[in-house]
Amino acid sequence: MKNSKLMILLRGIIMENPVLILVLGTCPTLAVTTSLKSAFYMGIAATAVLVCSNAVISALRNIIPDTVRIPCYIVIIASFVTVVQMLLEAHLPEAYEMLGVYLALIVVNCIILGRAEMYARKNNVINSILDGIGMGLGFLLALMLMALIREVLGAGSFWGYSIPFLENYKISVLAQAPGGFLVFGILIAVMNKLTEKRGGVKRKSFSCDGCPSAHLCNKTSCNELTELAANDGEGEVKADD
Amino acid sequence: MTKSKLLPSIVLGSICLVVAALLALVNTLTADKIQQNNDEKAEVALREVLPDHSGFVTVEIPEEFPSSIDLVKKSAEGGYVFRAVVTGKSSGLTVMIGIDKDGKIVGTKCTANQETPSYAEPVFEKTESGYYVGMTEDSFTEYLKTGSTLTSRAYAGAVKDALTGFAALSGAEVDLRTEEEKLADSLNAALGTEGSKFEKWFATDITGADAIYTELGGEGVVVSIKENLIGIRNGVAVENSTVSQALIENALSAYSVYKNSVLTPVALPNGTPSEVTAAYVSTGGIYVFELSARGYGMDGDPDYASGEPIKIKVAIANMSPTDVPSAPHGIIVSVLTVSESENEAGAKCSDSTFYSQFVHKDKDEIYSVPDIDGAPVTSSGYKRALRHAFSVFEILTGGNA
């Protein structure tokens with residue numbers, strides 16, 4: 001029981017990291033990772049909203065009818081975002097200024113609505129809270145990792161403090177949009193490689209009929225590959241190379 | 001209504017009520033702290049926009065004062081700092097303006113905004129590196145017209161309001177009316193009415209007047225000639241001792257042309273460009289065209305373009321010498337942007353300061369009108385549509401397009 005609770009918590013950090021594995025929430029990921037401070041504040045704010053919204057949506061999962069579930073989720077998420085906004089404006093004005101318009105955009109962050117739809121509405125409150133914490137921490141860590149690379153190498157500073165020997169060698173493009181995409185892509189590739197041997201994320205298997213790349217692919221069928229993989233004892237479905 | 005149909009509404013409504021209560025509670029708990037933070041930020045900004053000044057005290061804002069100013073501080077040295085909250089792309093654009101005792105701007109700073117960063121950052125970079133420094137109320141008015149985005153125009157409006165506020169606090173009589181309000185008051189005074197609304201007549205004939213305004217919901221007309229306004233009701237000029245008899249007669253003549261101006265539809269010739277959707281000829285021989293210009297709404301980024309054209313009305317008069325009828329020389333008499341669905345920059349095409357530049361221009365001179373800043377697609381589409389109007393005009397008047 002304890003292990004499964006721990007697994008729920010840890011899953012969002014590595015195995016199903018929302019940014020680097022599930023590739024959700026890319027807008028704030030690219031926008032606020034030009035500095036460690038803003039990445040940290042965004043991660044904390046998003047985690048707070050995620051945990052609270054997961055808890056409430058899970059608590060109300062048997063009450064909210066299917067026909068209005070998305071509007072209800074949006075109302076709940078938006079309210080928590082507004083609460084976080086007001087609290088930051090009052091007690092952490094620096095963070096509020098730094099995040100700017102991206103704070104309000106947490107409402108439409110796919111991670112929040114995605115977890116509400118995929119997890120919170122099907123699981124109990126405790127598990128949903130743990131899932132929220134795990135996903136939030138995964139989001140925070142991914143943002144911090146990206147920000148570390150972009151700020152140190154792109155701006156020659158760390159947490160706003162300039163690094164003397166790096167200032168003259170900074171790679172400015174990393175602090176801009178193209179560099180952000182570059183760093184993001186490299187981190188996703190690294191993460192995919194690291195999680196490959198552990199089986200990766202379970203992917204849905206479907207026949208070649210439904211595959212948009214069928215005409216390019218020389219494989220017989222994905223289902224046959226799945227059976228082959230299973231017979232080899234690997235157990236998990238892998239994506240085609 | 002069955003229970004199953006009511007339940008979703010009840011659940012959603014209940015959630016909204018609870019959420020509203022929660023937000024009200026948090027707002028109550030944080031409002032004072034937020035206000036305190038804003039005041040502290042304002043204090044810091046005070047010293048940035050009016051350095052070398054001290055001893056700031058809050059000044060009570062008089063009743064007759066620009067509505068955008070919500071805080072005024074006076075320094076011991078006689079300078080003022082104004083805080084204006086205006087609406088650019090979004091509401092809440094807060095600007096602090098420091099003005100010394102001589103009425104000169106010392107500094108400006110934006111302390112809060114929700115503007116689009118790509119439009120706002122160049123504005124703040126320009127304004128906070130001393131763009132407005134040294135300007136007074138007289139020298140400022142000219143710069144207000146160069147604002148090219150909602151953010152820059154709102155920022156300029158905030159600074160203008162601060163200068164007006166300074167004039168008011170210094171004891172000068174200030175006119176807080178907008179340009180539209182001033183015009184409306186002048187038109188009402190000319191006609192001897194109060195509170196009437198007016199619409200500028202889209203001139204389809206050459207009347208000799210600068211403009212004719214018609215009273216909405218009434219029979220009155222006001223003719224503007226050389227900055228004189230002459231009111232006319234039922235064909236009789238309203239008594240006005242400040243205007244000469246000659247001007248009154250000119251106004252009556254212009255009124256007569258206006259009253260007798262009738263538009264007759266004209267069939268469009270074969271091969272008319274699609275931008276020209278209708279043509280009319282007036283009693284005085286002026287051609288009026290309705291245009292659908294392909295601006296950003298039609299030819300811009302498909303993800304953002306509205307798919308709607310710019311609707312324009314243009315009146316073109318033939319100014320060719322009477323002995324060379326085959327060489328019509330069209331000159332724009334009036335032009336009006338009827339509607340548009342352009343982007344933020346392109347929306348300026350509906351501003352009279354843009355389209356009025358085309359008046360008295362011929363088919364080549366329209367290209368000398370400067371493009372709208374940041375809206376090349378809108379500007380070129382607008383001019384192309386006008387050029388097509390000239391082409392059709394030349395065919396209809398017997399020339400070669």
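B:Tyr132 is buried, at a relative accessible area of 5%, where buried means under 20% relative accessible area, exposed over 50% and partly exposed in between (1.4 Å probe, protein chains only). This is a predicted model, in which local features need pLDDT of at least 70 and side-chain atom pairs count only at pLDDT 80 or more, while totals for chains, interfaces and linings use all residues. Residues are numbered from 1 along each chain as its sequence is written, chains are lettered from A and ligands numbered from 1 in the order in which they are written, and side-chain values use heavy atoms, with hydrogens and water left out.

**Aromatic pairs**

- Over all chains, a search of the whole structure finds 15 aromatic pairs, a pair being rings of Phe, Tyr and Trp (its six-membered ring) with centres within 6.5 Å, and planes under 30 degrees apart counting as stacked, over 60 as edge-to-face and the rest as tilted.
- One of them joins A:Phe40 and A:Tyr41 in a tilted arrangement, 5.9 Å centre to centre with 55° between the planes; A:Phe40 is partly exposed at 29%, whereas A:Tyr41 is buried at 14% relative accessibility.
- B:Tyr131 and B:Tyr132 form an edge-to-face pair, 5.0 Å centre to centre with 85° between the planes, and B:Tyr131 is partly exposed, with a relative accessible area of 25%.
- B:Phe65, B:Tyr80, B:Phe82 and B:Phe166 are linked into a cluster by ring pairs.

**The sheet of chain B**

- Five strands of chain B make an open, antiparallel sheet in the order β1-β2-β3-β4-β5; helices (H or I, at least four residues) and strands (E, at least two) are DSSP runs numbered from the N terminus, and two strands pair if DSSP finds at least two bridges between them.
- β1 (57–58) and β5 (105–112) of chain B stand at the edges with a single partner strand each, so one side of each has no neighbour in the sheet.
- β2 (residues 69–74) and β3 (residues 80–86) of chain B pair in the antiparallel sense over five bridges, and B:Ile69 stands opposite B:Ala84 in β3(B).

**Helix packing in chain A**

- The axes of α4 (residues 69–91) and α7 (residues 110–120) of chain A come within 11 Å and cross at roughly 130°, axes being lines fitted to C-alpha atoms, for helices over the stretch in contact, with angles from 0 to 180 degrees between N-to-C directions.
- The contact (heavy atoms within 4.5 Å) involves residues including A:Tyr73 of α4(A) and A:Leu113 of α7(A).
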